[in-house]
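Trainee: I would like to learn how to read a model like this one, feature by feature. Could we begin with the charged side chains and work from there?

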Amino acid sequence: MLRTLLVLVALTLCTHGGYGLQTPPTENAIKHVHDPCIIKEGAYYYVFATGHGIPIRRSKDLVHWEFVGRVFQEDMPAWGKTEIPKTIMPWAPDILHYRGRYWLTYSLSSFGKNRSLIGLATNKTLDPQSKEYAWHDEGKIFESFPENHYNAIDSNLLPIGKNRLVMTFGSFWSGIKLVELDPQTGKSLPNAEVLPIAQRPSPDAIEAPFLFHHGEYYYLFVSFDFCCRGVNSTYHLRVGRSRKVEGPYLDKAGVPLREGGGTLLLETNGRYVGTGHCGVLQDGKRTLLVHHFYDKEDKGIPTLQVRPLTWDSEGWVQAGEPLE
């Protein structure tokens, strides 16, 4: 019941000036950003987020952002509406440059249900002025049904070497999963095993995984607790690590993430409420964290934030102050 209430709140936000509503392009486009991911091409950083058609923002300095269109001209692919009739927009995109193309995954689902799917769109460039700029709908690559005790949303792709591609996903139900994909097509391999890598006790409030390789470890970033409540959101970021991509992932105290572990990375602080759903970008010698928060000083509107990440002598990650 609590999960259903939360998603109804999220639906209200989306349809009444929330995640899918774009502010005028003359303003700094950091508002109404939910579930961001980030990548860099040329002089620009690009952010993709939940919203009608998957809105695209870009910036040269990570502080001032502008809209540069969206992935789909329609609110979502027509085939997705057929498969998930109650969906209203794509959720939680993830972006990767892989094999000469940009691969963007996204989720289609109905609130509070695990009949969900993950779709893929590709492009040769992110520059909307380029003659090669065109998003290609590659269809669905993975899905879940009511009989599955997991939820195929909140995808994140990570290449392993030259010939392996894995995807993490998951929201509530039985937690975070990992599955291997075909590196040529991005679709799930035949009979690929769905591996559990993180879970919490009921109500299973864990979602939005992001895998990042640094040094000897794979780091698994996850969001704990509840989003979508505005200034009453309890979302926060935690992390664990493993020498193998399949796990086991442990937190700094040695507690497995499959047993509810997770070292705190970022939580509510002052106006920054419900910090969660992150992406990580290696930008030259610096590592960047992108996430959303609910702005306590602006009606709890979901807002984009970028922070530097640093690594201590034992290889544990720490979040710095927001870039301004």
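Mentor: Let us begin with the term itself: a salt bridge is a side-chain nitrogen of Lys or Arg within 4 Å of a carboxyl oxygen of Asp or Glu. With that criterion, a search of the whole structure, which is a predicted model, finds 18 salt bridges.

Trainee: Which residue forms a salt bridge with K31, and which parts of the chain does the pair link?

Mentor: The partner of K31 is D295, with the closest N and O atoms 2.8 Å apart. K31 sits in the loop between α1 (2–15) and β1, whereas D295 belongs to strand β18 (residues 286–295), so that the pair links distant parts of the chain, 264 residues apart. Both K31 and D295 are buried, and the two also belong to a network of salt bridges that links K31, R271, D295, E297 and D298.

Trainee: What does the salt bridge of E83 with R115 tie together?

Mentor: The closest N and O atoms of E83 and R115 are 3.1 Å apart. Because E83 lies in helix α2 (residues 78–83) and R115 in the loop between β6 and β7, the pair ties together parts that are 32 residues apart in sequence. As for accessibility, E83 counts as partly exposed because its relative accessibility is 28%, while R115, with a relative accessible area of 19%, is buried, the cut-off for buried being under 20%.

Trainee: And are E216 and R243, whose side chains meet in a salt bridge, buried or exposed?

Mentor: E216 is exposed, and so is R243; their side chains meet at 2.5 Å, N to O. This pair also links distant parts of the chain, with E216 in the loop between β13 (206–214) and β14 (217–224) and R243 in the loop between β15 (236–242) and β16 (263–266), 27 residues apart.

Trainee: Turning to the nonpolar residues, which members of the largest nonpolar core touch the most other members?

Mentor: A core of this kind is a set of buried nonpolar residues joined through side-chain atoms within 4.5 Å. Here the largest one has 20 residues, of which F48, V71, I95, L104 and W135 touch the most other members. Two or more residues each come from β1 (37–41), β2 (44–48), β6 (101–108) and β7 (116–123), and the largest share, 4 residues, comes from β6. There is also a second, separate core of 16 residues, which includes L158, I197, F224 and Y249.

Trainee: Why does S107 count as buried, and what does S107 touch?

Mentor: S107, which lies in strand β6, counts as buried because its relative accessibility is 0%. Leaving out residues up to four places away in sequence, S107 touches M89, P90, W91, A92, L117, I118, A152, I153, D154 and S155.

Trainee: For contrast, where does Q184 lie, and which residues is Q184 in contact with?

Mentor: Q184 lies in the loop between β11 (176–181) and β12 (195–198), and at 53% relative accessibility Q184 counts as exposed. Apart from its neighbours within four places in sequence, Q184 is in contact with R99, R101 and W103.

Trainee: Finally, how should I read strand pairing, and how many bridges join β10 to β11?

Mentor: Strand β9 (residues 156–160) pairs with β10 in the antiparallel sense over 5 bridges, among them the one between L157 and M167, and in their hairpin, which has 3 residues between the strands, G161 takes a positive phi near 65°. β10 and β11 also run antiparallel, joined by 5 bridges, and L165 has L181 as its bridge partner in β11. Their hairpin has 6 residues between the strands, with G170 in the turn at a positive phi of about 135°. Strand β10 (residues 164–169) is itself mostly covered, with 5 of its 6 residues buried.

Definitions and conventions: Residues numbered from 1 in each chain as written. Predicted model: local features only at pLDDT ≥ 70, side-chain atom pairs only at ≥ 80, totals over all residues. Heavy atoms only, no water. Buried < 20%, exposed > 50% of the residue type's maximum accessible area, 1.4 Å probe, protein only. Contact = heavy atoms within 4.5 Å. Pairing = 2+ DSSP bridges.
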